[in-house]
Amino acid sequence: MPAWLRIALIVGAVLLVGGAGLFAFRWYARPTALTLAAGSADGEAGKLASLLEGKLAQSNARVRLKLVPTPGPVEAAKAFSTRSVDLAVVRGDVGELGDARAVVVVAHPVVLLVAPPGSPWTDISEIKRATIGVISGTANAKLVEVLTREYNLPRAGVSFKELAPEDARKALAAKEVQAVLLTVPLTEKYLSFIRSLFPQNSRAGPAMISIESAGAIAERERAYETFDVPKGTVRGSPAIPQDDLTTLRTSLYLVARKDLGDELVGDLAEAVMNARRELLAEVPAVALIAAPDTDADAFLPIHPGAAAFFEGTRESFLDRWGNAIFLAPMVLGALASMSAAAWKFLRDGESQPEEETLDALYALGPRIRAAGRQMDLDHIEEEIDLVLHKQRQRAKSEGHEQRDVTAVNVAAHRLENLIHDRRISLASQQGGQASG
């Protein structure tokens, strides 16, 4: 083989291996896009999801989000339960979440029951013959059902009316409703909304109504937990509420389908928490994003991939692929050895390597010298012809170098000389015996 061809083959092999390695790396490091359904009555869930989508793309995260806007949490939960999306932002008390696994907690919406200033009610059990306006009634349908059953509200003459957020103040002023029920995170945006429901010059401020049976409700309905709203949360002076207020709260989750890979969801959890840290200064609401409950009996189980991230037990690249990297050369070497052995077995009886050919020719020398008949020398010549024929066929098919062919021919020529000399020797011996 010419030197330039050998160099070209080596360069080609290096380029092939390098290209395969680059392709494998790009395949491993490629970002994965996951569809996300997020929606709320005020649009805040969609805005937050959009911020995360942009931040993950900007930071070249290994997981990207593709937002699928929905009108509210009910629609987001439906899109998730029908497997139309990979991820969703959902409330724990809304929709069918049997296939859901928690990635992060987005917020903890708190149940607030608010009445106009001067209201005599301090606990929901005291409300009689009143209409309660429910903001985002579709999303709070489960909550209304739970409260109705716990307190037997129809018997007390209590009914519920769904309200849009922008209609709540007007409905209170017109006495169409005597209280408002809403479920919101305790952030300044929503606390300002509560304060705006009532005249700003009121010194008394809104009346906060407790849910004293919150503990019993939470025992039966695991989507809820008891929560105490700290004194002065709505207003500091005079303090509203005047004391810690017992109520319920639920959780707003970012959930993933349970069949999504652990590594993928771990990457997602890491990307979201990194984005949270970067967005915290400009979007205070992301401070509510936190790790979900990792207990085995949690209401909404955490995804194993997210659990590994939050617990610091994620496997590194070498942990996941170290055994394969270590074993691959051994396996390939074993396969190569087996292939070579099989090839040798299949080629047994065919042409011999050059060394064996020369050995076979050299082994004929002693036989020639010991031959006692012309017939023996004829057989040896036939063997030489057969060896040379096989050698020439192999040289054509395998492209052996000229020096190998020359070595075999030289050995055969020497044997022919030995046969010639032996024939002369045998002829002289036979002539001597005849004359005697």
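This is a predicted model: local features need pLDDT of at least 70, side-chain atom pairs count only at pLDDT 80 or more; totals for chains, interfaces and linings use all residues.

Me: Where does Leu181 lie, and which residues is it in contact with?

Reply: Leu181 lies in strand β8, residues 179-184. Contact means heavy atoms within 4.5 Å. Leaving aside neighbours within four places in sequence, Leu181 has such contacts with residues including Val111, Leu113, Ile132, Val144 and Phe160. Take Ile132: it sits 49 residues away along the chain, and the two C-alpha atoms are separated by 6.7 Å.

Me: Why is a group of residues called a nonpolar core?

Reply: The name needs buried residues of kinds such as Ala, Val, Leu and Ile, joined through side-chain atoms within 4.5 Å. The largest one here has 35 residues, and Leu87, Val103, Val104, Leu254 and Leu268 touch the most other members. Elements giving two or more residues to this core include β1, α2, β3, β12 and α8. The largest share, 9 residues, comes from α8. As for Leu268, beyond its neighbours within four places in sequence it is in contact with Leu34, Val63, Leu65, Leu87 and Val103. Another core, of 27 residues, lies apart from the largest one; Ala130, Ile132, Leu143 and Ile209 are among its members. As a general point, nonpolar side chains tend to be buried together in soluble globular proteins.

Me: How do you know that β3 and β12 pair?

Reply: Two strands pair if there are at least two bridges between them. β3 and β12 have 5 bridges, so they pass, and the sense is antiparallel. For one of the bridges, look at Val89, whose partner in β12 is Leu254.

Me: What is the strand order in the open sheet, and what makes β2 and β4 its edges?

Reply: The sheet has 5 strands in the order β2-β1-β3-β12-β4, with mixed pairing. β2 and β4 each have a single partner strand, so one side of each has no neighbour in the sheet. From one strand to the next, the twist averages 30°.

Me: Which strands does α2 touch, and which does α3 lie across?

Reply: α2 packs on the sheet and touches β1, β2 and β4, with its direction at about 150° to that of β2. Helix α3, residues 73-81, lies across β1, β3, β4 and β12, and runs at about 135° to β3.

Key: Residues are numbered from 1 along each chain as its sequence is written. Side-chain values use heavy atoms; hydrogens and water are left out. Helices (H or I, at least four residues) and strands (E, at least two) are DSSP runs, numbered from the N terminus. Buried means under 20% relative accessible area, exposed over 50%, partly exposed in between (1.4 Å probe, protein chains only). Axes are lines fitted to C-alpha atoms, for helices over the stretch in contact, and angles run from 0 to 180 degrees between N-to-C directions.
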